[in-house]
Amino acid sequence: YAGSANLPAIQLAEKLAGIAYPALKTTFFTSGGAESNESAFKTVRHYWKRKGKPNKTKVIGRTMAYHGITLAAMSATGMSAYWPMFEPRVPGFLHIPAPYSYRFGGEIKPGETLGLAAARALEEAIVREGPDTVGAFIAEPVQGAGGVVVPPDDYFPRIRQICDQYDVLLIADEVITGFGRTGEWFGLNRWGVAPDIMSFAKGITSGYLPLGGIQISDEIREVIENAPVSERWMHAYTYSGHPTCCAVGLANLAILESENLVQNAARMGKRLLDGLKGLQEEFEVIGDVRGLGLMAAIEFTVDRGLWNRPRGVVYMFPPPLSITAAEVDKILEIVGESIAAVTK
């Protein structure tokens with residue numbers, strides 16, 4: 001924060017250095033996810049201006065994406081229900097189809113997988129807009145609020161290739177997927193892909209106190225640190241690196257490690273997903289079951305279905321990382337009984 005710091009913030013930043021991806025060792029703290037994504041967007045602009053490419057300001061997101069409700073984050077969000085009462089949106093944000101296996105909204109060419117087709121939509125958007133105008137692509141490793149959209153395994157490796165080819169920064173929005181939710185410490189780890197910027201929140205304190213942040217690559221850090229005074233990264237929040245929140249973050253990470261909660265999320269997530277697939281075999285009204293770690297969802301194929309959050313007939317399951325096998329089984333029992341009652 002303008003050259004000042006405090007001990008818990010320093011200790012937490014040291015703890016986080018390289019924890020997600022080896023090249024992301026520099027952290028800027030915020031109070032939550034929307035602030036983190038706003039910080040990411042401003043960093044993208046700063047980076048490209050310092051690189052002599054000031055026109056690279058556009059950000060490509062995806063339909064069904066959720067990135068926050070501040071103006072720029074809302075504009076990056078691909079869920080139209082959040083827009084009407086606050087428009088006009090910030091210009092320069094556009095969306096491509098999500099890698100939604102159950103109801104993909106794009107074109108799949110002969111011999112092409114869905115994952116490669118969804119990634120091709122990014123390349124086509126970059127070419128259409130002009131690579132010299134596109135600064136970043138932002139994506140959740142697993143789309144959360146949009147309905148637990150788990151991408152095919154060939155999606156993100158191809159996304160990384162496209163971003164490298166057209167000189168576009170990759171922002172991983174790990175606000176939901178970070179710190180164990182997917183059964184990995186961070187979501188993109190599953191596919192061996194590293195972003196240029198990562199935004200985080202929620203899981204770093206398990207929600208007990210408000211804390212978020214971004215991590216940036218060594219390359220971006222060097223560009224920021226070597227800027228002359230007239231081109232400084234002029235950005236901060238009143239509560240950036242708040243010592244109490246950072247102390248809670250340190251304590252929370254220690255608990256995640258000592259109680260093996262990331263590994264528990266992987267084990268219990270498999271149990272939950274297997275159980276939901278069993279319900280799919282039992283009830284024909286369940287059209288799709290999907291999930292990764294302790295992020296799961298069932299999608300109903302009837303008009304009179306089960307509502308939860310704003311996703312209509314998609315019912316989502318985000319239980320705590322400390323959930324037990326007995327509690328998973330109880331969830332499955334309740335859901336099964338509820339579906340049976342409705343379908344009768």
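**Ground rules.** I count two strands as paired if DSSP finds at least two bridges between them. Helices (H or I, at least four residues) and strands (E, at least two) are DSSP runs, numbered from the N terminus. I am working on a predicted model, where local features need pLDDT of at least 70, side-chain atom pairs count only at pLDDT 80 or more, and totals for chains, interfaces and linings use all residues. Residues are numbered from 1 along each chain as its sequence is written, and side-chain values use heavy atoms, with hydrogens and water left out.

**Entry: a parallel pair.** I began with strand E2 (residues 58-62) and strand E3 (residues 93-96), which pair in the parallel sense over four bridges. Within this pair I found Arg62 opposite Ile96 in E3. Together with helix H3 (residues 71-76), E2 and E3 make a right-handed β-α-β unit. By right-handed I mean that, with the strands pointing away from the viewer, the path from the first strand over the helix to the second runs clockwise.

In the loop between H3 and E3 I came across Pro88. A cis peptide bond joins Glu87 to Pro88, with omega at about 10°.

Entry: How many of the six residues of strand E7 (residues 212-217) are buried? Six of the six are, so E7 is largely enclosed by the rest of the structure. My cut-offs here: buried means under 20% relative accessible area, exposed over 50%, and partly exposed in between (1.4 Å probe, protein chains only).

E7 pairs with strand E1 (residues 24-30) in the antiparallel sense over six bridges, and there Phe29 stands opposite Gly213. Four bridges join E7 to E6, also running antiparallel. In that pairing I noted Met198 with Gln215 of E7 as its bridge partner.

**Entry: the E8-E9-E10 sheet.** Next I looked at three strands that form an open sheet in the order E8-E9-E10, with antiparallel pairing. Its edge strands are strand E8 (286-291) and strand E10 (314-317), each pairing on one side only. Neighbouring strands of this sheet are turned by 15° against each other on average, direction ignored. The axes behind that angle are lines fitted to C-alpha atoms, for helices over the stretch in contact, and angles run from 0 to 180 degrees between N-to-C directions.

E8 and strand E9 (residues 296-300) are joined by five bridges, and Asp288 stands opposite Glu299 in E9. The loop between E9 and E10 holds Thr301, which is partly exposed at a relative accessible area of 40%. I also checked Thr301 against Arg181, 120 residues apart along the chain: their C-alpha atoms are separated by 27 Å.

**Entry: aromatic rings.** I count rings of Phe, Tyr and Trp (its six-membered ring) as a pair if their centres lie within 6.5 Å; planes under 30 degrees apart count as stacked, over 60 as edge-to-face and the rest as tilted. The structure holds eleven aromatic pairs. One of them is Tyr155 with Phe156, edge-to-face at 5.0 Å centre to centre and 75° between the planes. Both of these residues are buried.

Phe179 and Phe200 are also edge-to-face, at 5.9 Å centre to centre and 75° between the planes. Phe179 lies in the loop between strand E5 (169-173) and strand E6 (197-200) and Phe200 in E6, so the pair ties together parts that are 21 residues apart in sequence. Ring pairs link Tyr21, Phe179, Phe186 and Phe200 into a cluster.

**Entry: positive phi.** Phe179 came up again, with a positive phi of about 65° although it is not a glycine. At 3% relative accessibility, Phe179 counts as buried. Val148 has a positive phi too, about 55°, and is not a glycine either. I found Val148 in the loop between strand E4 (134-139) and helix H5 (155-165), buried at 4%.

**Entry: cysteines.** How many disulfides does a search of the whole structure find? It finds zero, taking a disulfide as a pair of cysteine sulfur atoms within 2.5 Å. The sulfur of Cys245 is 6.9 Å from the closest cysteine sulfur, in Cys246, which is too far for a bond. Cys245 is buried at 9% relative accessible area, and Cys246 is buried at 0%.
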